[in-house]
Amino acid sequence: MRNVDVRLHRDFAIGTTHPRLFGAFLEHLGRCIYGGIFEPGHPSADAKGFRQDVMALVRDLAPAIMRYPGGNFVSGYNWEDGVGPVAERPRRLDLAWMSTETNRFGTNEFIDWCRMAGTEPMLAVNLGTRAGDAARNLVEYCNHPSGTALSDLRRRHGWEQPHGVKFWCLGNEMDGPWQMEAKTATEYGRIAVEAAKMMKWIDPSLELAACGSSGRRMATYGAWEQAVLEHTFDHVEYISLHTYLNNYDGDTPAFLASPDLMDDFIDEVVAIADAVAARRRSAKRIMLSFDEWNVWYRTRRNRRDRVKEGWPIAPPILEEIYTMEDALAFGGCCIALLNHADRVTAACLAQLVNVIAPIMTETGGPAWRQTIFHPFAHFSRLGRGRVLRTQIDSPTYSARYNDPNGSNDEFFTMPAVPYLKLAAVHDDTGGTLTLFALNRSLTEALPLRVQAAGFDGLAAREALQLCDADLKAANTRQQPDRVVPKPLTAVGVEGGRVEASLAPASWNVIRLAVR
Ligand code: AHR
């Protein structure tokens, strides 16, 4: 393959990554909470029932913010069920995942878990079966110091200090017919704005995310964002986006091209949000919360599948086993997010444990890292800083990516997908320049040449590569380290020039010391 040239300049930045870009998600779904982060009686569990083997992996993954309690689950959730004495908490049918919810874990346990994990809590309120009243009560319960019925209830429950939760999602995927009490954009916009007003009257420091479309293929996409923002513009800081990539067709080149559709999705939502601002002649900029993103297709289900299984407690559902090629597509998503650091200032990998997750556990047994764990840990640990603009000259290929809508195929034609997808992050305080580079060619190495203007004395600090001759290789309980990053050798650095050979189908991280 011919050389792939990348040019960047120290002074030309897209933006600085917000810590909330590196978030993840915990939903009451399958074994995410129960048997995932929370398993009283597990040999590694502490007095609160928090699995410490999972906690160690979470700290290694380093998510900066954690969304909770859903997802689809939140649209039928009564937050009051999950607080107070555990023995008195009701069992409920969860219509999102056709499971029985025991409510042994609730908001206060989540806050404690976040504090222990060193991650910021992000709470979603139920705007499906409930509305503004329940939302404002939850804010009062969580954030009001004392002296009212709800804040004093929290104190009686054992949490004297307010939780101080800043980031709140106004419902979840309210455009989706699968959602409990799905709404039209106008119905949702009205409920969301009234909830937002009351929530901020209680705590003006809140940052709120309105629901965008649950996916770019939704029939109402675009019109939904516009209508929702017309209602909520003055009262929210964020609009949400969700994307799950797939390889249903077994077309790996198209699958690896699909993260570029996330770039398009972001650009489109920015355009719509800014059009709403322009009509108001407003300087306010709505930020994007990409609060669900991942690869997910093998374990997608419809409600009929779920009904057959009855009402189990924490069933093993959506337990996607990730392969090497999934980690590559996933890495492409990380690069897409970095390259929009100016407008995507919150994002959540969906989800964290067992359910479409980077961490897997065996109930009563060990915990291990899935393939996608590794690119996320690189992204989260090394992606913080100024994301630089890059000029990439790479050979391209054409792809046709299928994103089926129910049983109907829906193709996206991508005529010129660069084999190289790359982001460059300059961490001024740490004194590093980090290159995240995905080689999407399945057969050829990419000879990478980077000219980093303004960085005259670069020196190689660390270079890692994730690749495997078997694109279907996965990490399992028996072989938890089948796919792990290995050193990327022969990185040439001279002045501001960097050269490396990127193996076919590889995820690469090159960390350079800036002198
Ligand atoms: O993350 C799994 C599910 O995907 C979430 O509950 C929902 O919001 C989305 O459709």
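The centres of domain 1 and domain 2, taken over C-alpha atoms, are separated by 30 Å. Domain 1 covers residues 4-11 + 387-514 and domain 2 covers 18-318 + 337-369, with bounds that come from an automatic or database domain assignment. The model is predicted, and for that reason local features need pLDDT of at least 70 and side-chain atom pairs count only at pLDDT 80 or more, while totals for chains, interfaces and linings use all residues. Residues are numbered from 1 along each chain as its sequence is written, and side-chain values use heavy atoms, with hydrogens and water left out.

Domain 1 gives 28 residues to the contact and domain 2 gives 27 residues, where contact means heavy atoms within 4.5 Å. About 2,300 Å² is buried between domain 1 and domain 2, 57% of it on carbon and sulfur atoms; buried area is the accessible area (1.4 Å probe) that two parts lose on being put together, summed over both. Across this interface, 15 residue pairs are in polar contact, both residues being at pLDDT 80 or more. A polar contact is a pair of N or O atoms within 3.5 Å; within protein, one must be able to donate a hydrogen and the other to accept it, and residues adjacent in sequence count only if both atoms are side-chain atoms. On the side of domain 1 that touches domain 2, the elements giving two or more residues are β15 (396-402), β16 (411-418) and β17 (420-427). Helices (H or I, at least four residues) and strands (E, at least two) are DSSP runs, numbered from the N terminus.

Five salt bridges are counted between domain 1 and domain 2, a salt bridge being a side-chain nitrogen of Lys or Arg within 4 Å of a carboxyl oxygen of Asp or Glu. By this rule the count comes to 36 salt bridges. Glu-207 and Arg-20 form one of these, at 3.0 Å from N to O. Glu-207 lies in strand β8 and Arg-20 in the loop between β1 (4-16) and β2 (23-25), so this pair ties together parts that are 187 residues apart in sequence. Glu-207 is partly exposed at 24% relative accessibility, whereas Arg-20 is buried at 7%. Here buried means under 20% relative accessible area, exposed over 50%, and partly exposed in between (1.4 Å probe, protein chains only).

Another salt bridge joins Glu-237 and Lys-200, with the closest N and O atoms 2.7 Å apart. Because Glu-237 sits in the loop between α6 and β9 and Lys-200 in helix α5, the pair ties together parts that are 37 residues apart in sequence. Glu-237 counts as partly exposed, at 23% relative accessibility, and Lys-200 as buried, at 17%. Asp-263 in helix α8 and Lys-421 in strand β17 tie together parts that are 158 residues apart in sequence. The closest N and O atoms of the Asp-263 and Lys-421 salt bridge are 2.6 Å apart. Asp-263 is buried, with a relative accessible area of 13%, and Lys-421 is buried too, at 8%. Elsewhere, Glu-230, Asp-234, Arg-279 and Arg-280 are linked in a network of salt bridges.

Attention now turns to helix α6. In α6 (residues 223-232), the residues Trp-224, Glu-225, Val-228, Leu-229 and Thr-232 are buried. They span an arc of only 115° around the axis, which puts them on the same side of α6; the arc is that of the directions from the helix axis to the C-beta atoms. The packing partners of these buried residues are α5 (185-202), β8 (207-210), β9 (238-245) and α8 (259-279). Ile-272 is found in helix α8 and is buried, with a relative accessible area of 17%. Not counting residues up to four places away in sequence, Ile-272 touches Gly-222, Glu-225 and Gln-226.

Asn-126 counts as buried, at 7% relative accessibility. The side chain of Asn-126 reaches the backbone nitrogen of Gly-128 at 2.7 Å, and a polar atom of that side chain lies 3.4 Å from the backbone oxygen of Val-74. Leaving aside residues up to four places away in sequence, Asn-126 touches Val-74, Ser-75, Gly-76, Tyr-77 and Ala-131.
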